[in-house]
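Please look over the structure shown below before reading on.

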Amino acid sequence: MSGFSDEAAWWQSAVIYEIALISFQDSNGDGKGDLTGLMSRIDYLKWLGVDAVWLTPIYKSPFRDLGYDISDYCSIDPTFGSLDEFDHVLKALHAADIRLILDLVPNHTANDHAWFIESSSSRNSAKADWYIWADPAENGGPPNNWRSRFGGTGWEWCEARRQYYYHSFLVEQPDLNWRNPQVRAAIADVMRFWLDRGVDGFRVDASAVLIKDQLLRDNPPNPQAKDKPPPQRQTPVFTDDRPETMDCIEFIREVIDSYPGRVLCGEVQGKIDRIGHFYGNDRPRLHLPLNFALLDSQWDALSLQATIDAYLNAIPEHAWPVWVVGGHDKQRIASKIGKAQMRVLAMLLMTLPGTPFFFMGDEIGRKRVPIPSDRVHDPFEKLVPGFGLCRDPERAPMRWDGSAGGGFTNGDPWLPLEPGGTPNVAEQQRSERSVLALFRALIMLRHEHACLSQGGYEPLRSHNDVLAYRRTKGGAQILVALNVATEPRKWHWLGRGRLLMSTHLDRRSETLPEASILLRGNEGVIIALEAR
Ligand code: GLC
């Protein structure tokens, strides 16, 4: 590996970019992205300035759930390429000083995984206890009331065993039994397989649901169930975020800690008051529990300052914060806040304390892509229709240019792209003031100023639609002021300041004559305070 310093904490100052490989770059015209395609875009990643890439699952899979249904943890799905190609990509990323984080899906496999085939063949098979099996209830029905997140009962009958197995997600995604030490050992082997090849870490999928209640106690009704999709009409007390789950995460962390300089990120329980637990105390858990609070926040200065505060207060003192503004499961934030505020979001993301994550396409301000009903892939939408749960609009192939295939493919893309051809990378690379140019400039600035990537954080009192805070390191002080209104707003501070950047990218490096600035509508600024 070349050029990396401070191995222990590279992920603290890293900017992390999520890629759904199937939608990134196709190289063979089958309409699906692949490893060779990714290889051809490493220059772009380098140009953009991201430090690490997190890839959604690339393993052998029937792809019923974007590859989160894995048939073999230790091979690459042929749609994406081969292990050799993987090794080449990893080497090329490292040569470009970009780390690679893989998705680890320890909660469930696909039902065509050899482990499940064996486990479901008989109650006496060698892997009989590798999944969550239970006898029927007295009436012959499912053992309890647990639901699948993708709709309906979470239990599926298996005739060969005359028992039910539990699936938190699709029927075709049986849950592994994490109480079984053999399962733990098998997943540890999977991790070592990839860590030995040189991957820099994992994002642990569904880490909060690894253990379910041993007594199979029924989940209570959700008092806020009204208007919720059926899977959310229960409070998942006995299936999600069980205390025993923490031990599993600690186990996974021990495996990763036996390799220096690797990182463990994880999908955790959504509630902000629980996120702190996922860092661990005496025994460490995740380095970076993913925090989606900004996506859920109302978009006004008072709500944002409260969201930021609530999160920072909820994590332990030793914890390194994380901010995620997009992902393969999350609605594109540009659709919610609009194009102009996307710039403010970019500045917020790159100046908050902690590790920023964004999803491919966020850097061009991409919105949700309309998906006609006959092109829907997402099982969530198919099984729980009518609640706007479809995740395909965010998963549409990357738009590299304005052509029909978007520069993504010469064939038929597996999901449609925006009909209008924009936004796209090529067009924004040509423009000095595009959202893409802004993301890039902000990443560069963050890398230049340790105060932004490593410094302390102090909120300032937000009012008049301006969200503001100070970052500090040694003697350096940087102020950030973000106007979330469409109208101009005056903002004051104390001291002599030099403008480092405006979200409009039209003023830079000016010493400001006064300790106040007129922020234009949707404008954010970064100001360095000059030492007196
Ligand atoms: C995780 C993934 C999501 C998937 C689910 C089930 O939540 O992020 O995309 O549907 O696990 O595998």
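Helices (H or I, at least four residues) and strands (E, at least two) are DSSP runs, numbered from the N terminus. Residues are numbered from 1 along each chain as its sequence is written, and the model is predicted, so that local features need pLDDT of at least 70 and side-chain atom pairs count only at pLDDT 80 or more, while totals for chains, interfaces and linings use all residues. Side-chain values use heavy atoms, with hydrogens and water left out.

**Two residues and their surroundings**

- Val-263 lies in strand β10, which spans residues 263-266, and its relative accessibility of 0% is why Val-263 counts as buried; buried means under 20% relative accessible area, exposed means over 50%, and partly exposed lies in between (1.4 Å probe, protein chains only).
- Leaving aside residues up to four places away in sequence, Val-263 touches Trp-10, Trp-11, Ile-101, Asp-200, Gly-201, Phe-202, Ile-256, His-287 and Leu-288, where contact means heavy atoms within 4.5 Å.
- Val-263 and Gly-388 are separated by 125 residues in sequence and by 34 Å in space, C-alpha to C-alpha.
- Asp-257 has its place in helix α6 and is partly exposed, with a relative accessible area of 41%.
- Not counting residues up to four places away in sequence, Asp-257 touches Pro-284 and His-287.
- Between Asp-257 and Lys-367 there are 110 residues in sequence and 38 Å in space, C-alpha to C-alpha.

**The buried side of α4**

- In helix α4 (residues 114-121), the residues Trp-115, Phe-116, Ser-119 and Ser-120 are buried.
- These residues cover an arc of only 115° around the axis, which puts them on the same side of α4; the arc is that of the directions from the helix axis to the C-beta atoms.
- The partners against which the buried residues of α4 pack are β4 (72-76), β6 (133-134), β7 (155-158), β8 (163-166) and α5 (181-197).

**Helix pairs that involve α5**

- Helix α5 packs with helix α6 (residues 243-257) at an angle of about 35°, their axes being 10 Å apart; axes are lines fitted to C-alpha atoms, for helices over the stretch in contact, and angles run from 0 to 180 degrees between N-to-C directions.
- The crossing in which α5 passes α6 is right-handed; a crossing is left-handed if the near helix is turned anticlockwise from the far one by less than a right angle, and right-handed if clockwise.
- On the α5 side, Arg-184, Ala-185, Ala-188, Met-191, Arg-192 and Leu-195 meet Asp-247, Cys-248, Phe-251, Ile-252, Val-255 and Ile-256 of α6.
- By class, the contact of α5 with α6 has nine nonpolar, no polar and three charged residues; Ala, Val, Leu, Ile, Met, Phe, Trp, Tyr, Cys and Pro count as nonpolar, Asp, Glu, Lys and Arg as charged, and the others, Gly among them, as polar.
- Helices α3 and α5 pack at an angle of about 55°, with their axes 10 Å apart, and are therefore oblique to each other; angles under 35 degrees count as roughly parallel, over 145 as roughly antiparallel, 65 to 115 as roughly perpendicular and the rest as oblique.
- This contact is made by Leu-83, Phe-86, Asp-87 and Leu-90 of α3 together with Phe-193, Trp-194 and Arg-197 of α5, and by class it has five nonpolar, no polar and two charged residues.

**The pair α10 and α14**

- Helix α10 (residues 333-351) and helix α14 (residues 435-448) pack at an angle of about 15°, with their axes 10 Å apart, and are therefore roughly parallel to each other.
- Arg-343, Ala-346, Met-347, Leu-349, Met-350 and Thr-351 of α10 make the contact with Val-435, Leu-438, Phe-439, Leu-442, Ile-443 and Arg-446 of α14, and this contact has nine nonpolar, one polar and two charged residues.

**Backbone geometry in loops**

- Most residues other than glycine have a negative phi, and most peptide bonds are trans.
- Asp-97, in the loop between α3 (83-95) and β5 (99-104), has a positive phi near 60°.
- Asp-465, in the loop between β14 (456-459) and β15 (466-473), has a positive phi of about 70°.
- Thr-422 and Pro-423 are joined by a cis peptide bond, with omega about -5°, and Pro-423 is found in the loop between α12 (392-395) and α13 (425-430).
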